[in-house]
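Welcome! Have a look at the structure below, and then we will walk through some of its features together, topic by topic.

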Amino acid sequence: MPKPEKLGLTILGLETSCDETAASVVRRADDGTVTVLSSIIGTQFEQHAPFGGVVPEIAARAHVEAIDAIAAEAMRASGLSFADLDGVAATAGPGLVGGVMVGLAFGKAVALARDVPLVAVNHLEGHAVSARLGADIPYPFLLLLVSGGHCQLLEVAGVGACTRLGTTIDDAAGEAFDKIAKSLGLPYPGGPALEKLATTGDPSKFELPRALLGRKDCDFSFSGLKTAAARQAEKITDEQSRADLAAAVQAAIARQLSERTERAMKLYKTSHPDQPLRFVVAGGVAANGAVKAALRKNCDDNGFSFDAPPLVYCTDNAAMIALAGAERLALGLFDDLDAVARPRWPLDEAAALSNPSNSFGRKGAKA
Ligand code: KG4
Ligand code: ZN
């Protein structure tokens, strides 16, 4: 249990759900003030690059090889020792389960050895709190979570209290960036490379399809765009057209995210008539300038405040896992040492169960 003589909670966070091995020490004061004492991220880009995407078996092995050194480095950089920890928080899903098991097992070992509580953190809850690493953003807020595996609009009422307003019915936005980047011959990870190429392109040179026209809900779809862009990419022979197509793809993704967000804002206003209107975008795609600009405009038009995590906390990191763990522990929530690694783990379990089109097979993007 948290040590009563200490002010606030100091947590070691561990993240291994995809292709980053990350560890971080975060202190959360009793008044909610957050200090990131260290945040170490080891990427596996080089191991996966030859395959053009993340290979689960390679990822799991790379996490095993890296986790000891990354965690030790996070402790060293924080200036603290294991005896100073009040708890350990490890991502327990959703994600590539071989990797998730590595971080979770490491977290359990620390919890057992140091006699501190373990918090098994939902990776998406980590993204949901990530903007709180850089600014004081009180609950509730409307969240657009856009990453390589997820694309969801959620009402976040508090710790672990999320209601899903919309999700993708096929690919996630980051997945669309990555796959289209690949058809444009760009290196993995594709999102940042595509954004760079798009800076010299003219988005009006290509007509791309708009998804789910006629539907009034907040769901997303990117598979039609992916196919159309791949067809166009096959025909391209010059550099300028590649840049134009990249710019058109980025604009199409930003437009869809912004259109659905606008709908969600209207719903949120109705369900929170007396609350301050706050909007947060999180996840790797929140690093994209065009996406952020479109969402900022949504906020200006609809009277919402706009927040995004500092750039380093947009993509996967362990500081967000440590903070999610600290927020849970502050409420007395922690887990048994037999907590399991979960490849799928929706934030809003009720919504995932009641909407079968988003909960089977590859659909629903891990959530
Ligand atoms: O949050 P994240 O690190 O991992 C997941 O939880 O999925 O997100 C990674 C995703 C990748 O698809 C990557 O291409 C995308 O975020 N991404 C970007 C940018 N930076 C990262 N997409 C578009 N523009 C960027 N600048
Ligand atoms: Zn993530």
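**Two domains in one chain**

The chain is divided into two parts: domain 1 covers residues 9-132 together with 313-354, while domain 2 covers residues 138-308. Please keep in mind that this is a predicted model.

**How the domains meet**

- Taken over C-alpha atoms, the centres of domain 1 and domain 2 are separated by 26 Å.
- On the domain 1 side, 26 residues are in contact with 23 residues of domain 2.
- Between domain 1 and domain 2, an area of about 1,900 Å² is buried, and carbon and sulfur atoms give 68% of that area.
- How many salt bridges are there between domain 1 and domain 2? The count is 0.

**Salt bridges**

- The count of salt bridges comes to 15.
- One to look for joins the side chains of Arg132 and Glu327, with a distance of 2.8 Å from N to O.
- This pair links distant parts of the chain, as Arg132 and Glu327 are 195 residues apart.
- To find the partners, look for Arg132 in the loop between helix H4 (123-129) and strand S6 (141-146), and for Glu327 in helix H10 (residues 319-330).

**Helix H5 with helix H6**

- Helix H5 (residues 173-183) and helix H6 (residues 190-198) have axes that come within 8 Å and cross at roughly 65°.
- The crossing in which H5 passes H6 is left-handed.
- Which residues make the contact? From H5 they are Phe177, Asp178, Ile180 and Ala181, and from H6 they are Gly190, Gly191 and Leu194.
- Sorted by class, the residues in the contact of H5 with H6 are 4 nonpolar, 2 polar and 1 charged.

**Helix H6 with helix H8**

- H6 also packs with helix H8 (residues 239-271), at an angle of about 115° and with the axes 8 Å apart.
- H6 passes H8 in a left-handed crossing.
- H6 brings Leu194, Glu195, Leu197 and Ala198 to this contact, and H8 brings Glu239, Arg242, Ala243, Ala246, Ala247, Val249 and Gln250.
- The contact of H6 with H8 holds 7 nonpolar, 1 polar and 3 charged residues.

**Backbone details**

- Most residues other than glycine have a negative phi, and most peptide bonds are trans, so exceptions are worth a look.
- Tyr139 and Pro140 are joined by a cis peptide bond, with omega about -5°.
- Pro140 is placed in the loop between H4 and S6, the loop that also holds Arg132.
- Another cis peptide bond joins Tyr188 and Pro189, where omega is about -5°.
- Where is Pro189 placed? Look in the loop between H5 and H6.
- Asp115 is a residue other than glycine with a positive phi, near 55°.
- You will find Asp115 in the loop between helix H3 (97-114) and strand S5 (118-122).

Terms used: Residues are numbered from 1 along each chain as its sequence is written. Chains are lettered from A and ligands numbered from 1 in the order in which they are written. This is a predicted model: local features need pLDDT of at least 70, side-chain atom pairs count only at pLDDT 80 or more; totals for chains, interfaces and linings use all residues. Side-chain values use heavy atoms; hydrogens and water are left out. Axes are lines fitted to C-alpha atoms, for helices over the stretch in contact, and angles run from 0 to 180 degrees between N-to-C directions. Helices (H or I, at least four residues) and strands (E, at least two) are DSSP runs, numbered from the N terminus. A crossing is left-handed if the near helix is turned anticlockwise from the far one by less than a right angle, and right-handed if clockwise. Contact means heavy atoms within 4.5 Å. Ala, Val, Leu, Ile, Met, Phe, Trp, Tyr, Cys and Pro count as nonpolar, Asp, Glu, Lys and Arg as charged, and the others, Gly among them, as polar. Domain bounds come from an automatic or database domain assignment. Buried area is the accessible area (1.4 Å probe) that two parts lose on being put together, summed over both. A salt bridge is a side-chain nitrogen of Lys or Arg within 4 Å of a carboxyl oxygen of Asp or Glu.
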